[in-house]
Amino acid sequence: MQLLVTGGAGYVGSVCTQVLLERGHEVTVLDDLSTGNREAVPAGARFVEGDVATAARQILTDGEFDGVLHFAAKSLVGESVQHPHNYWQGNVVTTLSLLDAMLAAGVPRLVFSSTAATYGEPEAVPITEDARTAPTNTYGATKLAIDAAITSYATAYGLAAVSLRYFNVAGSYGGFGENREVETHLIPLVLQTALGQRPAIKVFGSDYPTTDGTAVRDYVHVKDLAEAHVLALGHAREGTHDVFNLGSGEGFSVRQVIDTCREVTGREIPEEQADRRAGDPATLVASSRRAVDELGWKPEHTDLRGIVADAWDYTVALGDRAHAARKA
């Protein structure tokens with residue numbers, strides 16, 4: 001297939017682009033590099049620097065694209081609450097422009113990068129796709145609004161669409177991993193602390209109703225996530241919008257993650273206790289049964305130690321490259 005990947009210079013987008021190239025697809029990456037990195041665009045992909053809202057129409061009109069994988073988005077939860085306009089504009093309005101560009105160019109299928117943040121505080125765990133959606137922040141609300149828009153475009157215009165709701169993505173693949181100026185995810189924060197790039201890792205809350213008092217989350221390996229996107233492209237059906245959760249189905253506490261990082265790195269990793277953050281649920285674990293049954297998805301990297309080890313290899317390599325650049 002000839003595919004457009006928006007946000008392909010970011011973490012998940014770059015890994016998915018690499019896997020798509022390995023499967024023999026032709027890939028064009030569109031990214032404005034506001035949070036992505038040019039060096040994260042895999043070799044073999046055509047790269048266009050530009051804003052999705054303005055550049056997608058020309059790109060799609062000039063080519064004969066079979067589909068779009070849409071990763072480009074603003075994704076910092078705290079920032080979304082403080083500056084909601086940027087998120088409604090950057091996520092929802094931009095995606096509507098992309099949908100209209102696809103419609104004008106006759107591009108038949110879409111795979112959308114959604115999120116578990118659409119569910120908010122879960123009423124039951126594990127979380128299924130039929131669970132109540134009640135986002136607790138603007139980021140999750142914008143993703144849920146986009147899902148609703150995609151459904152209406154599929155119904156009215158025959159778009160074949162799949163939304164993939166990620167839980168906590170981690171790990172690395174093919175030399176691509178998490179490399180952001182503003183990092184909020186637990187595993188890279190802990191590993192940066194192990195390298196001495198941060199003084200300590202903050203543990204937000206120790207009084208949750210969990211086995212060790214810290215919050216529990218579901219971690220899915222980025223390579224498994226990318227495989228799901230490939231399957232979603234083949235699954236997408238005209239006039240239908242399907243939604244799938246992507247997680248390992250197993251929860252790990254903050255304490256377990258930190259201890260695993262200590263084991264993998266062989267370093268002490270200082271920590272600092274802090275109060276709970278508002279809106280942080282005690283436990284978020286996915287049911288991915290629908291993805292397994294309907295997509296044929298089989299996650300292979302579900303061991304927390306292996307996920308952390310892949311992330312550590314990438315973090316060390318990233319630090320080495322930064323050190324070499326400073327010396328040059």
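You are looking at a predicted model, in which local features need pLDDT of at least 70, side-chain atom pairs count only at pLDDT 80 or more, and totals for chains, interfaces and linings use all residues. Residues are numbered from 1 along each chain as its sequence is written, and side-chain values use heavy atoms, with hydrogens and water left out.

Ser-253 sits in strand E11, residues 251–253. Helices (H or I, at least four residues) and strands (E, at least two) are DSSP runs, numbered from the N terminus. Now show the neighbours of Ser-253: leaving aside residues up to four places away in sequence, Ser-253 touches Asp-212, Thr-214, Ala-215 and Val-216. A contact here means heavy atoms within 4.5 Å.

**Next stop: H6 and H8**

Select helix H6 (residues 186–194) and helix H8 (residues 254–265), which pack at an angle of about 40 degrees with their axes 10 Å apart. Axes are lines fitted to C-alpha atoms, for helices over the stretch in contact, and angles run from 0 to 180 degrees between N-to-C directions. H6 and H8 are therefore oblique to each other; angles under 35 degrees count as roughly parallel, over 145 as roughly antiparallel, 65 to 115 as roughly perpendicular and the rest as oblique.

Which residues make the contact? On H6, pick Leu-186, Ile-187, Val-190, Leu-191 and Ala-194; on H8, pick Val-254, Val-257, Ile-258, Cys-261 and Thr-265. Colour them by class and you get 9 nonpolar, 1 polar and no charged. For the classes, Ala, Val, Leu, Ile, Met, Phe, Trp, Tyr, Cys and Pro count as nonpolar, Asp, Glu, Lys and Arg as charged, and the others, Gly among them, as polar.

Stay on H6 for a moment: 9 of its 9 residues are buried. After H6, look for Gly-196, whose phi is positive, near 85 degrees.

**Last stop: H1 and H7**

Finally, select helix H1 (residues 11–22) and helix H7 (residues 222–235), whose axes come within 9 Å and cross at roughly 60 degrees. That makes H1 oblique to H7. Show the side chains where they meet: H1 residues including Tyr-11, Val-15 and Leu-20, and H7 residues including Lys-223, Glu-227 and His-229. This contact has 11 nonpolar, 1 polar and 2 charged residues.

Key:
Buried means under 20% relative accessible area, exposed over 50%, partly exposed in between (1.4 Å probe, protein chains only).
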